[in-house]
Amino acid sequence: MCLNNLPPQCAIFCPIELTLRKDIKNQLFKAIYMSQLTSISPIDGRYQKQTSSLGAYFSEYALIKYRVLVEVHYFLFLADKKFFKVTPSLRKTLLAVIDNFSEADAQKIKTIEATTNHDVKAVEYFLKEILDANKASDLKEWIHFGLTSQDINNTAIPLSWKEAMENQVLPAYINLQNKLFQLAKQWKKVPLLARTHGQAASPTSLGKELMVFVERLHHQIELFVSIPYAAKFGGATGNFNAHHIAYPKKNWISLGNEFVEDVLGLQRMQFTTQIEHYDHFAAQCDTLKRINNILIDFSRDVWTYISMDYFKQQTKKGEVGSSAMPHKVNPIDFENAEGNLGIANAILEHLAAKLPISRLQRDLTDSTVLRNIGVPVGHIAIAINSLEKGLGKLILNEAKIQEDLENNWAVVAEAIQTVLRREKYPNPYEALKDLTRGNSKIDKKSMHKFIDGLKITAKLKAELKKITPQNYTGISAEY
């Protein structure tokens, strides 16, 4: 249920007019609540608040609106190219149809579709009715002139996808990336015991480890932005057959390019069948998968740090971590993110694999699949919200981090044997290996005792003793 186009009696949702009767209020809230409880998909049920803004791009209403937008702009484009004349009044009326397109308008089109059993033809008839109502019946046949339904679908859907990416998805990724960057700067000087193969390894810094994800996200977002939003526009089999037979002296390729690229802001593919190739769309899906994989990797790392007690989590009065164990504060936000990113990737994988394949000049398998492109985006939105919520609850436990560093003096063995190599000390790696490999009792005292037993200068011994798990963190690029 969309609350943006409720009739006047539903003023409960308007901050200015609160005149709705209490019984109607209760009925509305009950209807909303029940729609969430009975929804098949959690996107439209449990998580509806987090995904509702995506309805402007991926709902049935949105698809119809974008189809109307393309049809109207194409009609006016033909008028601008002197195929016929449109009065300023009619132009204003048609543009207002786009600007003020309502659920009632979409329902009118769905009613027409019940007869036509064709969704794009229903849009055409809807607009022809508007021309009739505005005494422009003589212009009706310029609506959808020379087009096939895929000229509308393969421009309307890429346009809705483009606007969703630019207005919702990319900003969400970038905001999360910026949040990680701020935390990286905040924790820049926090030394951290690294883990390779799950075992203690050369220390690093918490800030640098976060910068790993900041950089990865940055590069993949840049790659995504570089991929064109492709569209198909060229008639029944991509050759402007109907256009050319009607007006053979017109340069329809040039006109098609101008309409798609200058009016709609998409990139028209020059050689197509009845449908768009979807190769660029598949590339975008694959890039989204890589971004999501980075975030899955991040979610698992933070989950692990929480399990190691490097992070504690803020609690909220009244919340329960476990139905049986009162002490639990589970890392549910990072688990929720991981699960939703996985679902998103599974669907993106199918979209990328299926859509570029179509029998000969066209089969219909892309049509039903394309209706699901908003589903992975919904799960991405849920995941990002979960990650932001989880990050906001993290409390750094420096005492535990320092304790682990202090309990793992063996990690400075790399540093010591490397300095000894510099000094041409015989077999330094082997000497440190014999001391540390499999020895869980290496501490500061035992390491310094080993250094004292080396046949080296007092100055070099002093240099080696300055190395600690806390300061052996190396260097990284500035950030």
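Student: How do the residues lining the second largest pocket divide by class?

Tutor: The lining comprises 8 nonpolar, 10 polar and 4 charged residues. Ala, Val, Leu, Ile, Met, Phe, Trp, Tyr, Cys and Pro count as nonpolar, Asp, Glu, Lys and Arg as charged, and the others, Gly among them, as polar. The model is a predicted one, in which local features need pLDDT of at least 70 and side-chain atom pairs count only at pLDDT 80 or more, while totals for chains, interfaces and linings use all residues. Residues are numbered from 1 along each chain as its sequence is written, and side-chain values use heavy atoms, with hydrogens and water left out.

Student: What is the volume of the second largest pocket, and which residues lie closest to its centre?

Tutor: The second largest pocket contains about 620 Å³ of space. It has 22 lining residues, and Ala200, Ala410, Val411, Thr436 and Arg437 are the closest to its centre. Strand 2, helix 17 (413–422) and helix 18 (428–436) each give two or more residues to this lining. A pocket is an open set of points on a 1 Å grid over the protein atoms alone, with protein on both sides within 12 Å along at least five of seven lines; a lining residue has an atom within 4 Å of a point.

Student: What makes strand 1 and strand 2 a pair?

Tutor: Strand 1 (residues 191–196) and strand 2 (residues 199–205) run antiparallel and are joined by 5 bridges. Pairing requires DSSP to find at least two bridges between two strands, so the term applies here. Within the pair, Ala194 stands opposite Ala201, and Arg195 stands opposite Ala200. The two strands form a hairpin with 2 residues between them, and His197 in the turn has a positive phi of about 60°.

Student: Why is Gln417 called buried?

Tutor: Buried means under 20% relative accessible area, exposed means over 50%, and partly exposed lies in between (1.4 Å probe, protein chains only). Gln417 has 10% relative accessibility, and therefore counts as buried. This residue belongs to helix 17. Beyond its neighbours within four places in sequence, Gln417 is in contact (heavy atoms within 4.5 Å) with Pro428, Tyr429 and Leu432.

Student: Why does Ile456 count as buried?

Tutor: The relative accessibility of Ile456 is 16%, so this residue counts as buried. Ile456 sits in the loop between helix 19 (444–452) and helix 20 (458–465). With neighbours within four places in sequence left aside, its contacts are Leu420, Tyr425, Lys461 and Leu464.

Student: Is Asp309 buried or partly exposed, and why?

Tutor: Asp309 counts as partly exposed because its relative accessibility is 28%. Asp309 lies in the loop between helix 12 and strand 5 (311–313). Its phi is near 70°, a positive value in a residue other than glycine.

Student: Why is Tyr278 assigned to the buried class?

Tutor: Tyr278 has a relative accessible area of 4%, and is therefore buried. Its place is the loop between strand 4 (267–268) and helix 12. Tyr278 also has a positive phi, near 70°, although it is a residue other than glycine.

Student: How is the lining of the second largest cavity divided by class?

Tutor: This lining has 11 nonpolar, no polar and 2 charged residues. The second largest cavity holds about 90 Å³ of space, and Leu206, Leu210, Phe298, Val302 and Tyr305 lie nearest its centre.

Student: Which residues touch the most other members of the largest nonpolar core?

Tutor: Phe75 and Leu464 do, in a core of 136 residues. Helix 8 gives the most to this core, with 14 residues. A nonpolar core is a set of buried Ala, Val, Leu, Ile, Met, Phe, Trp, Tyr and Cys residues joined through side-chain atoms within 4.5 Å. Not counting residues up to four places away in sequence, Phe75 touches Phe84, Val86, Leu94, Leu131, Leu139, Trp142 and Ile143.

Note on methods: On a 1 Å grid over the protein atoms alone, a cavity is a set of points where a 1.4 Å probe fits but cannot get out, and a pocket is an open set with protein on both sides within 12 Å along at least five of seven lines; lining residues have an atom within 4 Å of a point. Grid points are joined across faces, edges and corners, and a volume is the space filled by probe spheres set on the points. Helices (H or I, at least four residues) and strands (E, at least two) are DSSP runs, numbered from the N terminus.
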